[in-house]
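Me: I have a structure to go through with you. Could we start with one of the helices and then turn to the aromatic rings?

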Amino acid sequence: MLGAAGPLVGREAELTTALAVLGPDGPPVLQVAGPPGIGKSRLLRELADHARGGGHLVLHGRAAEFEAEVPFGLLRTACEDWLDDLGPDERRALADRDAVELAQVLPAFEAPGDGRLPATGEERHRAFRAVRRLLERAGAQRPVLLVLDDVHWADPASQELLAHLLLRVPRGAVRLALGLRPAQLPALLERSLAGAVREHDAVRLDLRPLDAAASRRLVQDAVPPDVADALHRESGGTPFFLLALARAYAEEGRRPMDADADEPGSVPAAVRTALTGELAALAPRALELLRGAAVAGDPFEPRVAARAADVADADVPDLLDALTASGLVQPGPAGRVAFRHPIVRATVLDGAGGGWLAQAHGRVAAHLAATGADVAARAPHVERSAVPGDPGAVAVLHQAGDAAMARAPALAARWYAAAAGVLPDTPDAAPTRVELRLAEATAATAAGHLERGHRALGAVLELLGPDAPDRTPVVAACAGLEHLLGRHRDAHARLTAAHAAVPDPDGAGAALLEVELAAAAGYETRPQEMLDRARAAFARAERLELRPLAAVAAGQVALAHYFLGLPAERQLEAAAQRFAGLSDLDLATRLDLGLWLGWTEAVLEHHERSLRTCERVLRVARETRQGAPVLVTRTAATWSLLRLGRLDEADAQLASAVQTGRLAPNLYFSVSLGQLALLRLAQGRLPEALRAGEESRETAAGADPGLIPGMSGLYAAVALLEAGRPAAAHAAVLDMSGGDRELRTSRSGHVHAYEVLTRAALDLGAHDAAGEWAQRAAAASHGGHLPAEDAHAQRAQAELELAQGDAATAADRALAAALRGEQASLPIDAGRCEVLAGRALAAAGRREDAVAVLDRAADRLVAVGAHGWAAGAERELRRLGRRRAARFQAATGLDALTERERQVAELVHAGHSNRQIAERIFVSEKTVERTLTGVFTKLGVANRTALATLVEAEHRPSPLGR
């Protein structure tokens with residue numbers, strides 16, 4: 001039969017590239033891209049066949065255009081046959097400790113009945129990690145090839161899972177092969193696929209049309225050579241189109257026409273005509289069953305197709321035989337049947353009337369209900385067949401939204417909106433409509449679709465009207481989303497208008513709006529207004545006995561005191577006492593206390609207390625399945641962990657925070673990325689620090705000026721400075737503060753930013769400017785009462801003194817700051833101050849003292865995993881003729897290179913080509929290329945320019961040691 005599986009024609013080179021993925025050193029991900037009909041699926045099937053022949057476990061799934069409604073449907077279709085063939089004990093062994101999370105994705109796994117709740121929508125990446133570990137465990141038994149086709153049509157949950165696997169590719173003998181249409185990719189997958197190529201050496205194959213010779217070979221058994229050439233021109237060399245036209249010629253005598261002027265990538269009119277001819281050749285009842293099959297899915301269950309088409313079960317075998325004989329469908333997995341190509345299914349649906357389709361979906365919905373199918377399976381058909389005012393449809397769609405909320409919030413938002421759309425337009429339905437729109441807003445926000453969530457809340461405000469008593473919380477929620485979108489001005493305007501119109505100026509609504517106005521002032525760095533608003537809110541909340549709101553306002557008062565440089569300890573104690581007095585039930589109503597108390601404790605350097613506060617907030621968020629506070633609370637915890645030198649714990653927090661942020665990005669995601677830059681810098685992973693810092697700045701770049709965009713500039717600048725780019729560091733700090741020398745960062749970033757600006761000015765030879773910045777650092781340091789902040793100020797001043805030739809004073813200052821950091825349990829700040837002191841002592845001629853201090857600094861920094869900062873101490877020791885014993889942990893950065901690799905890196909930095917390097921070190925040019933490949937891999941850089949930047953950073957007087 002024309003088009004049946006046979007030798008792969010015209011794709012020999014592409015197949016060779018694809019097969020490399022199966023090798024032990026092959027790329028972890030293969031992307032096969034191209035327009036409809038180009039042969040992506042055929043190439044993936046060939047790859048899968050080779051993998052099976054080589055002993056791989058092949059998991060093959062395909063998304064479908066008209067069914068993106070089953071959460072994780074793409075992975076389920078890939079894994080269900082494999083998992084069904086395993087016994088219960090084998091499944092339990094594979095699940096290991098991930099059974100709870102895996103059960104949220106793959107029904108074959110059973111969660112233990114221990115009452116544990118699934119993660120919140122924002123923390124659904126836990127389930128994604130569980131799937132990654134499952135694949136790794138399977139790969140430890142035998143190599144795994146996960147083939148996912150037509151990923152551009154994947155359901156939202158599958159898109160997020162795939163994005164995770166592309167970001168954190170499974171380790172070991174696990175490979176991914178993906179088929180996709182670039183023009184139809186969702187933004188999340190587009191970013192993730194590009195990132196996999198950039199970060200993980202994924203291979204991308206963009207399939208091109210066949211040439212004339214390959215086209216002739218593909219259809220040589222069906223048409224004469226001259227006709228084949230004409231069909232090649234008509235089809236544009238697209239294999240599926242070519243085969244459809246050849247079939248029409250062979251079976252119907254259709255002659256080739258001139259090439260169509262269709263849009264690139266679209267289905268040519270001649271192909272649509274050919275497919276329509278194939279359909280017209282079917283008997284009426286066979287065509288009816290085929291239409292029912294198109295409604296039932298792809299692949300479809302014959303019995304469900306029969307219900308959709310209203311065909312008797314007894315007639316199905318003969319009709320299905322006729323359809324299979326026509327080549328329009330073919331046997332699929334697990335007794336199901338698949339369409340020859342998604343274009344065939346789309347053509348069938350295009351030929352069915354809207355009324356017939358609605359009735360067919362209604363019949364499928366009724367069949368699924370009668371057979372006990374869950375609401376997730378029924379909802380797509382109910383949505384397409386419901387009539388306005390149908391309470392049963394509303395109930396199913398509402399339940400489907402609830403069921404999808406934790407696993408697939410984007411899908412949940414769709415079901416809630418669909419349920420609201422079915423409600424009758426009557427006054428008694430208004431409360432339910434409000435409930436559904438609020439649920440849609442919550443789900444959309446959890447999915448990272450903030451604009452959609454904002455629109456849903458806007459619809460709620462229209463439904464409520466201006467005088468509704470429950471309007472104020474919705475206004476506050478709208479403003480909260482506007483802040484996360486970086487639209488601080490809009491939030492402030494909305495809140496101000498609502499506050500002016502509040503019916504009772506002394507009531508609970510007014511207190512709530514005052515709290516939100518205080519928050520708005522904080523985001524826009526207006527600390528005095530923040531303090532005034534927070535005090536007013538606190539007074540009202542206390543008088544009205546609104547205990548959770550009073551705790552929030554108390555935290556805002558303490559933070560505003562800090563922002564203003566005022567004593568804040570008493571205010572912080574008051575807020576902490578109110579927080580401690582809240583029950584978990586009360587706390588669940590104001591989980592933003594992770595911001596207003598957790599962050600306040602962190603910046604006031606009560607780090608252990610902040611960690612306890614954050615842990616309680618996160619626990620209650622999980623128990624009540626509220627995900628919104630997760631990201632901001634994790635940033636507060638990470639701040640404290642970084643200060644305390646608990647880098648492994650900070651890494652774990654950031655792994656969760658960054659994955660949460662990538663699934664549901666908002667302005668606070670830039671904070672997590674910035675903290676990741678600081679962590680990677682401390683660990684000695686400068687290229688990653690540079691990337692994270694730049695992404696932090698890009699994420700915040702579109703926001704209104706304020707606290708968070710300013711901090712993103714600081715995070716980017718710290719890495720730029722250590723990479724030897726002082727001018728870029730200077731610009732990053734000031735540009736993200738709107739060019740304001742007073743800075744529009746959080747007050748917690750002021751002293752650090754002024755230290756960066758001091759060092760940047762010194763590196764640029766601008767000593768007068770450096771003096772001004774160092775003075776600003778001292779003035780912003782709260783009188784030196786906070787040890788970590790004071791360390792930044794003291795380092796800035798000591799750097800200036802050292803540059804001015806007063807090495808003895810610089811050494812004394814840095815040693816005093818180091819001692820204070822040690823006493824405050826701030827190992828990284830203490831170690832960095834000691835490195836600076838060692839440099840100053842050496843400059844003062846006190847070599848032995850310098851060596852002792854630098855040795856102590858290196859030990860202190862290595863002990864907490866701050867290998868990047870420790871490397872600065874070790875380089876200073878080498879300059880003094882002292883070599884330390886090898887560290888227990890593996891070397892990082894340039895220290896990880898072999899002597900030959902280091903030699904090649906230095907010559908790259910000097911501007912030599914590969915040929916020139918080969919001549920200088922007496923090796924072949926190929927050896928230089930292989931050596932550079934190893935260097936790039938070890939250092940995590942992509943090109944010679946990035947490598948030269950790292951070497952340049954080491955050549956500076958004290959890189960990563962200041």
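Predicted model: local features only at pLDDT ≥ 70, side-chain atom pairs only at ≥ 80, totals over all residues.

Me: What span should helix 31 have, and what is the distance between its end C-alpha atoms?

Reply: Helix 31 covers residues 607–623, which makes 17 residues.

Me: Which residues of helix 31 are buried?

Reply: The buried residues are His 607, Arg 609, Ser 610, Leu 611, Thr 613, Cys 614, Arg 616, Val 617, Leu 618, Val 620 and Ala 621.

Me: And which helices do the buried residues of helix 31 pack against?

Reply: They pack against helix 28 (569–580), helix 29 (584–587), helix 30 (593–603) and helix 32 (630–644).

Me: Arg 616 was on that buried list. Which ring does Arg 616 lie over?

Reply: Arg 616 lies over the face of Phe 579, at 4.9 Å from the ring centre. A further arginine, Arg 832, lies over the face of Trp 869, at 4.0 Å from the ring centre.

Me: Turning to ring pairs, how many aromatic pairs are there?

Reply: The count comes to 7 aromatic pairs. One of them is formed by Phe 72 and Phe 128, which are edge-to-face, 6.0 Å centre to centre with 75° between the planes.

Me: Where in the chain do Phe 72 and Phe 128 lie?

Reply: Phe 72 is in the loop between strand 2 (57–62) and helix 3 (73–85), whereas Phe 128 belongs to helix 6 (residues 125–141). The pair links distant parts of the chain, 56 residues apart. Both Phe 72 and Phe 128 are buried.

Me: What about Phe 240 and Phe 241?

Reply: Phe 240 and Phe 241 also form an edge-to-face aromatic pair, at 6.3 Å centre to centre and 70° between the planes. Phe 240 has a relative accessible area of 9% and is buried. Phe 241 counts as buried because its relative accessibility is 3%, under the 20% cut-off.

Me: One last topic: is Ala 48 buried or exposed, and what does Ala 48 touch?

Reply: Ala 48, in helix 2 (residues 40–53), counts as buried at 1% relative accessibility. Leaving aside residues up to four places away in sequence, Ala 48 touches Val 58, His 60, Leu 145 and Val 147.

Me: And how far apart are Ala 48 and Val 375?

Reply: Ala 48 and Val 375 are 327 residues apart in sequence and 34 Å apart in space, C-alpha to C-alpha.

Definitions and conventions:
Residues numbered from 1 in each chain as written. Heavy atoms only, no water. Helix = DSSP H or I, 4+ residues; strand = E, 2+ residues; numbered from the N terminus. Expected span 1.5 Å × (residues − 1). Buried < 20%, exposed > 50% of the residue type's maximum accessible area, 1.4 Å probe, protein only. Contact = heavy atoms within 4.5 Å. Phe/Tyr/Trp six-rings, centres within 6.5 Å; stacked < 30°, edge-to-face > 60°. Lys NZ or Arg CZ within 6 Å of the ring centre and 35° of its normal.
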